[in-house]
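Please open the model in a viewer and keep the selection tool at hand.

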Amino acid sequence: MPLDLDKIDELNKTLFIHIQPPNVPRPSFIWNYFGHLYKNPREALDLDRIYCKVCFEKIKEEYPDASFSSVRRQIGTYSATSSTGNMRNHLLAMHQITEAQAIKKTTKHIVSMFARNRDTTSSSQLKEKLGHQLTLMCCKDLLPFSIVENEGFQDFLISNRIVNTKYDIPSRTTLSPLNLNKIYTVCVDKTKEQIKLSTNYPTITCDAWSDKYRHRSYICITLHFLDSKLQQHQYSLRTQPFNEAHTGESIKDLVSNVLNEFGINPNNVIVVSDKGANMHKVQSIINKLRYRQHELENEYFRSNEKRFNDLLLSINKAGEIIDADLASTYIDADDTQVLNEKFQNDNLEALWLSDDLKFRFHTLKKRIVTRWNTVLIMLRSYADNIPGIEVILGRLKHFDLILTVTENEIVRDLIQFLSLFESTTTILSASKSYPTISLCLLLRIEIESLLHNDGTESLVIQDLKVLLSANLDNRFPVTPLYICAFLLDPSQLKIDISRYLTQCHTTKESILSEMIKQFKINYFTQASSTNNVSTSSSSQSCSSITTTATSHSNPSTTASSTSMKRNLSVESLNSPVKNLKKLKENLIQKHKPPSTSSFDPILDEIQNYLQLDISCDDVLQFWRSSGNAFPHIKRLAQIVLAVPATSTPSERVFSTTGLILNAKRTMLLPENVGKIQMIHDNYNLLKIT
């Protein structure tokens, strides 16, 4: 008679799971995780069932003083005669534990998808293979796993002879969480393999986000580096729910744990994030390479918002009224005639009336206060619809919202002025295409030229330029890392940046030299330098040999030099010196004051590099082909040019996350959201055979 589990009143802390693999030649790996419930080594409480030790240990740690019967439903429990397949699925779905052989099989099925492998297999193997590939397809194309239950999809597979019946199609629960966990494990392993190609100082971007349906908070981390061949690598490391307080310490702990999991030293990463105070604290806690970024993505227009706030609010209100009005089917015949007249007079292609008396505008956009470019988008949408907006507001008797001719001119001036900055943010956000950080200072120079008042613009634009110029250093500061990245593009070396060097109290040579020291780049042997004492012929005059040393000399070098001079002394000679000339040289070498002149090969390399005057379209190609002439600077370029100019990569991740968490997938587990996100972003890694 099986034991009634509800009658087991013992406390969790007094119980344990006894693991005893069956006495068979090759027992399944699941017997390392399942066993019987024991009270003590000699007293078993239940031999009719087997329990998941992973579940039990977790419950035991969280509720040590609770009775077993109160938490038993949270523990994976199976009959002693149950098949190992059920237990294997439990380990995979609940704890992401699987055997190495299963991962190899999953990898093989993924590879066969891209190799177009059509080898004949048994029906069970075909179903398993199809399940892996369908799961991968759903992750890449952001499709719901329930697609396998759709009749149309099932008929498609059957009609194309991929399966014989719908029962040959893997179920939704097989796709997720079982196959999802397996493919996620493969993706993590392949990501770790690629990280081995990274430098010692990779870059991460980090950002936080909340979904609009369940209002859960998520944090994402992306990784960026250049390998030894100067090829760009960008990977999504983690997107996971974050339920703790968004303090710098808690975010730092999460980021550090993720980096350690992927074998990355948290002390050696460059962090790129937005201007949030908690993110800045994370940067300062994690490393000393504090790198503030994302400045340009902040709204340029905020500094001028007080002056034009009423104007912008009027446009917003007009947009809301028109949106509401367009939803109705009513329109006066008089208004239709007026609109048609405006259409004929202004030749507006986007404004027209259909037969059912409905009219259509270009889409009206609202601004988002955290993004300056949405102001530009909103103004453009307003300017495209001015005639229709005036008619509708007039019909609705909202004459106070109709902008005057002067205000409309201001709108057009603002559009023309803000459009000049649009390409700047577009360039700096394209981190996947080319190194963007080397362009920051160049674009800063261009922005300063755009903000120069020449007296030909309207008073509004002149005032706006003054306000933006006053806030430019705060929004888009010049940092040593900007200057270093600028100098790493040889085609920019002849551009005058003296004012920025003065602002940072440095020189071009110092910037590159300090960065090389900061990233601990040194291709020369750190052994102590040795003086070369040569015996010149009688016809030659005595000459002194200059000691070659690097700028990284240390106390051990001095000690070695002292020891060397001691060895040259008379007392250290083992045999009587018969050669007076040799003795003289030894004594001179001993008592000669140390040379003050030294040769710094790194500084010499920097000076030679700064003399270049070349043009190159692809900065990475330059360092691939010519970098060996400047080994230290090439290594510096490998580190610095991998840094994205903004935290746009993290925002792209959350754009994808927003597509995953749509209105029909609000019940998707937060953990699965992150797994789908990583597989989607790192999909190309799975194509590597």
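Select Lys-675 and Tyr-184: the charged end of Lys-675 sits over the ring of Tyr-184, 5.9 Å from its centre. A charge counts as over a ring if NZ of Lys or CZ of Arg is within 6 Å of the ring centre and within 35 degrees of the ring normal. Next, select Phe-145, whose face has Arg-665 over it at 5.8 Å from the ring centre.

The model is predicted: local features need pLDDT of at least 70 and side-chain atom pairs pLDDT 80 or more, while totals for chains, interfaces and linings use all residues. Residues are numbered from 1 along each chain as its sequence is written, and side-chain values use heavy atoms, leaving out hydrogens and water.

Now select Tyr-609, Phe-622, Trp-623 and Phe-630, which form one aromatic cluster. Rings of Phe, Tyr and Trp (its six-membered ring) pair if their centres lie within 6.5 Å, with planes under 30 degrees apart counted as stacked, over 60 as edge-to-face and the rest as tilted. The rings of Tyr-609 and Phe-630 have centres 5.5 Å apart and planes at 70°, so this pair is edge-to-face. Tyr-609 is buried (under 20% relative accessible area; exposed is over 50%, partly exposed in between; 1.4 Å probe, protein chains only), at 0% relative accessibility. Phe-630 is also buried, at 10%.

Finally, display the contacts (heavy atoms within 4.5 Å) of Trp-623. Leaving aside neighbours within four places in sequence, the partners of Trp-623 include Leu-230, Leu-488 and Ala-637.
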